[in-house]
Amino acid sequence: MGDTGPCGPCTEIHFDRIGGRDVASCVNNDDPTVIEIWNLVFIQFNRESDGSLKSLPAKHVDTGMGFERLTSILQNKMSNYDTDIFMPIFEAIQQIYDTGFIEGPNGVFEVSNVQIYGGFVLHIGSFTGKTGRLIVGDKVICKVDYDRRKLIAPNHTCTHVKFCSKGNTRKQNTEVLGNHVDQKGSIVLPEKLRYDFSHGKPVKPEELRKIESIVNEQIRAELDVFSKETRLGDAKRINGLRAVFGEVYPDPVRVVSIGRKVEDLLEDPENQEWLSISAELCGGTHISNTREAKAFALLSEEGIAKGIRRVTAVTTDCAFKALDLASSLEQEVNEASNAEGSVLEQKVTSLNSRIEGAAIPSAKKADLKAKISVLQSQVIKAKKKIAEEHMKKATEVALQMAEGASSNGKAYCISLVDVGGDTAAIREAVVKVMEQKGMAVMVISKDDQVNKAFICAGVPEKDGKYKQLNVTEWLKKVLELISGKGGGGKGVLLRASFASHRKLLIFSDSLFQGSDVSRVEAAMEVAESFAAMKLT
């Protein structure tokens, strides 16, 4: 199970490749001879982000078999990647295949995929023309797409450098994440690199920033990248040599080192200095100097399985683009902090969405999201303050109008308040007049920016003198004048009871608004005349 989500107690089946011994201490201890092949998880809880467990309403059993692992047992292979399943995908190189062209006398074959199967190198693709063929014995010219390879090489080298900053070198490893970190997989593509490693919790933004900084320091250091084939036994003696645990390597093997010649490592294999450099068994494509990577940007970090984290990164121009975008977004966020009101709210909403989906360094994304969070708090506080001011203004104006109307012997009042489209304030004004004055009331507010008028009205139900004034008809007369609409012609009635046993009918504000604010004054005169006629 992952760091969060459905989980529960489990039972597991482990297989001892050797047999005839007590291997209890080897279970779940990264021993390649004792592997888990099956498990049953009794899903009962949901693990929250704070680590707490909450019972699930529906419980079930989640079972899974390690198909690749079981195959390796049946085929007596120490590594999954030596089985028939993975033979076409050849793990220790860790990078994607080359593409290119095979030019022969009878056509040009475009290679789109390369795999190893049954000991043969299989080139997969199609002829570029309508016809074409290759015959055994044809003399051909193989052309690798070196432009594509030039994008892959820096990504691959930075996979080595990045791992150096996390697990292979004891000094930097302890400095960032700890001695437990171990490589669990990787893939190198033209557009990015992806790296999986053992770590029991999410990597913090400051840790990601430190890893990113270490890699960029080594890029700026312009370290030479060396490679050399040597006997497997000699290579394994190199102190700190990185190899994929449980992988079966050929003999001889290719050693790739960064910053020191492979010959130096082989000459003094137990030297403690080698712990501070990257030295790996690798058959992939690399740059000749770290400066060719130009820059490194760590874009994301996530959990993919229990105790396994995954990071994705980019190099060269892709890294510069990510850094430039991050800088641009940061500038926008800083500029947004000078805005106020609805402008600030619009900018924060837009920036929050863009930052979330932006391909920028993960640590910088966390910084920007933190800044956005502060701005969101400002927006909420500002909206709350404005809402309180609107509520007070609308209520005071409506009550003053009601007092004046009552002094003039009127049983109704029509108020124009200046709260824009704040329907909550408009409703509250109607409620307060009904509650404190017990008279029919209509409250109108204009929003010139969107050219709309918002109307709310209430008529006492229990008082017999108001039976001639139907609130629906009253509103309809006003809405006709300001191009209003009632959302399908049927309003939603909300009832509010008061200690005085009066009841208020309020039509939903979303249904009653007009789109011609220029005629609001005329509409108020109509509302006045209609109410006066009905209540006289």
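Me: What makes β3 and β4 contributors to the nonpolar patch?

Reply: β3 (34-47) and β4 (53-65) each supply at least two residues of the patch, and β3 gives the most, with three residues. Strands here are DSSP runs of E with at least two residues, helices are runs of H or I with at least four, and both are numbered from the N terminus. This is a predicted model, in which local features need pLDDT of at least 70 and side-chain atom pairs count only at pLDDT 80 or more, while totals for chains, interfaces and linings use all residues. Residues are numbered from 1 along each chain as its sequence is written, and side-chain values use heavy atoms, with hydrogens and water left out.

Me: Which residues make the nonpolar surface patch, and what makes a patch?

Reply: Ile13, Trp38, Leu40, Phe42, Val61, Met65 and Phe67 make a patch of about 610 Å². Patch residues have over 30% relative accessible area and no salt bridge; nonpolar side chains (Val, Leu, Ile, Met, Phe, Trp, Tyr) are joined within 5 Å, like charges within 9 Å. A salt bridge is a side-chain nitrogen of Lys or Arg within 4 Å of a carboxyl oxygen of Asp or Glu. Areas come from the Shrake-Rupley method with a 1.4 Å probe, and for residues only the protein chains shown count as cover.

Me: Why does Ile13 count as partly exposed?

Reply: Its relative accessibility is 45%. Buried means under 20% relative accessible area, exposed over 50%, and partly exposed in between (1.4 Å probe, protein chains only), so Ile13 falls in the partly exposed class. Ile13 lies in strand β2 (residues 10-16).

Me: What joins β16 to β17?

Reply: Six bridges join strand β16 (residues 412-417) to β17, and the two run parallel.

Me: Why is the pair of Phe109 and Phe127 called edge-to-face?

Reply: The structure holds two aromatic pairs. In the pair of Phe109 and Phe127, the ring centres are 5.3 Å apart and the planes stand at 75°. Rings of Phe, Tyr and Trp (its six-membered ring) pair if their centres lie within 6.5 Å; planes under 30 degrees apart count as stacked, over 60 as edge-to-face and the rest as tilted. The pair is therefore edge-to-face. Phe109 lies in β6 (residues 107-117) and Phe127 in β7 (residues 120-127), so the pair ties together parts 18 residues apart in sequence.

Me: What makes Thr285 buried, and which residues is it in contact with?

Reply: Thr285 counts as buried because its relative accessibility is 17%. Thr285 is found in the loop between β13 (278-281) and β14 (296-305). Leaving aside neighbours within four places in sequence, Thr285 is in contact with Gln95, Arg149, Ala153 and His156, where contact means heavy atoms within 4.5 Å.

How values were computed. Pairing = 2+ DSSP bridges.
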